[in-house]
Amino acid sequence: MTINRLLITGAGGNLGQVARQHFGGKYPHIRLSDRADMGAAGPGEEIVQCDLTERDTVSQMLDGVDAVIHLGGQPDEADWDTVINSNLIGAINVYEGALKAGTDRILFASSNHAIGMHDRARTIDHTCEARPDTRYGLSKAFGEDLGRLYAYKHGIRCMNLRIGSCFPKPFDARSLSTWLSFRDFCQLLEIGLTADYQFEIVYGVSDNPTSWWDNSNAERLGYKPQDTAEDYRAEFAHMTFYDPVGESLQGGMFSAKEFTGDLNSLLVKKPDG
Ligand code: NAI
Ligand code: 15L
């Protein structure tokens, strides 16, 4: 399907601004949404400032939309009410609006925190068990499953980008494994908007040799990362968490936060084994 109108939610946020700049001028109409200020509309842009919990407004916002890049929502751990409102109800409103509008595809900003309770010693791919490390991570696992419902039951193409750490550069030792450059992020979005698929999970990670993720599913769809965190190793390798849970599990300090479980039972290789 030719994309005439692209909707970017969370357009006022960090990744939303990257996507706005990247796709500016590439489609006839780009609708930008956030509850935060997004500045003035540029050529071809439409601005809809609203909260994702406003069901009727979100439904109207999807009118005429062919493809969605859904970045809006709570981006890290928070209390249940915040997570439920922004990430569960907000996502449901977007997918329901897309169904009514006949939208062709939705790209969802999932997170590595959907699988953050896995041991770093384990290399996992897109088929692994979800192991959320936080209420936030659970909301991302929910978002992926929401995609399963709308993809297999209603035929909307759903691509879930399990993003690692997407920032201008890595910022600590863990992010040398999880970093996604803005350039590689945009390449994944391009693939999500053009490839032929029904439902996919791909990792949003650059070409990092110490990654814990087998991203062959993204590669199958054409992903060729251009950047590597290795270029920053000398700058950040010494920056560790000094926390056994945060250092052992993939979610880092998200996994360690409020942790009351048995770390040894989660490790592939036991300390004394
Ligand atoms: P951000 O916080 O800069 O952007 C999120 C935007 O969503 C904000 O502008 C905020 O105003 C908006 N928002 C939050 N709740 C809302 C609501 N209820 N209604 C309307 N707008 C609302 O975060 P960032 O880094 O740009 O992340 C974008 C998406 O990517 C998020 O969904 C985040 O969970 C996901 N992600 C980001 C990663 C990263 O490394 N930056 C890693 C993994 C996932
Ligand atoms: C995320 O899901 C967050 O949105 C982002 O702010 C980072 O914390 C990232 O994960 C990460 O794991 O580094």
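1. Let's start at ligand 1: one of its oxygen atoms has a polar side-chain atom of Lys140 lying 3.0 Å away. Keep in mind that this is a predicted model.

2. Tyr136 also reaches ligand 1, with an N or O atom of its side chain 2.6 Å from an oxygen atom of the ligand. Leu52 uses its backbone instead: a polar backbone atom there is 2.9 Å from a nitrogen atom of ligand 1. In total 27 residues surround this ligand, and the closest are Leu15, Asp34, Leu52, Tyr136 and Cys166.

3. Now for ligand 2. Tyr136 turns up here again, in a surround that also includes Pro75, His113, Gly164, Ser165, Phe167, Phe171 and Phe254. Ser111, Asn112 and Arg174 belong to that surround as well, and each of these has a polar side-chain contact worth a look. For Ser111, a polar side-chain atom sits 2.7 Å from an oxygen atom of ligand 2. For Asn112, the distance from a polar side-chain atom to an oxygen atom of the ligand is 3.1 Å. For Arg174, an N or O atom of the side chain is 3.1 Å from an oxygen atom of ligand 2.

4. Tyr136 and Lys140 take us to helix 4, where both meet helix 3. The crossing is right-handed.

5. Who touches whom in that pair? From helix 3 come Trp80, Val83, Asn87, Leu88, Ala91, Ile92, Tyr95, Glu96 and Leu99. On the helix 4 side they meet Arg135, Tyr136, Leu138, Ser139, Lys140, Phe142, Gly143, Leu146, Gly147 and Tyr150. By class, that contact has twelve nonpolar, four polar and three charged residues.

6. The axes of helix 1 (residues 14-23) and helix 6 (residues 182-194) come within 10 Å, crossing at roughly 65°. The two helices are therefore roughly perpendicular to each other, and helix 1 passes helix 6 in a right-handed crossing.

Key: Residues numbered from 1 in each chain as written. Chains lettered and ligands numbered in written order. Predicted model: local features only at pLDDT ≥ 70, side-chain atom pairs only at ≥ 80, totals over all residues. Heavy atoms only, no water. Axes fitted to C-alpha atoms, helices over the stretch in contact; angles between N-to-C directions. Helix = DSSP H or I, 4+ residues; strand = E, 2+ residues; numbered from the N terminus. Parallel < 35°, antiparallel > 145°, perpendicular 65-115°, else oblique. Left-handed = near helix turned anticlockwise from the far one by under 90°. Near = heavy atom within 4 Å. Polar contact = N/O pair within 3.5 Å; in protein donor to acceptor, adjacent residues only side chain to side chain. Contact = heavy atoms within 4.5 Å. Nonpolar A, V, L, I, M, F, W, Y, C, P; charged D, E, K, R; others polar.
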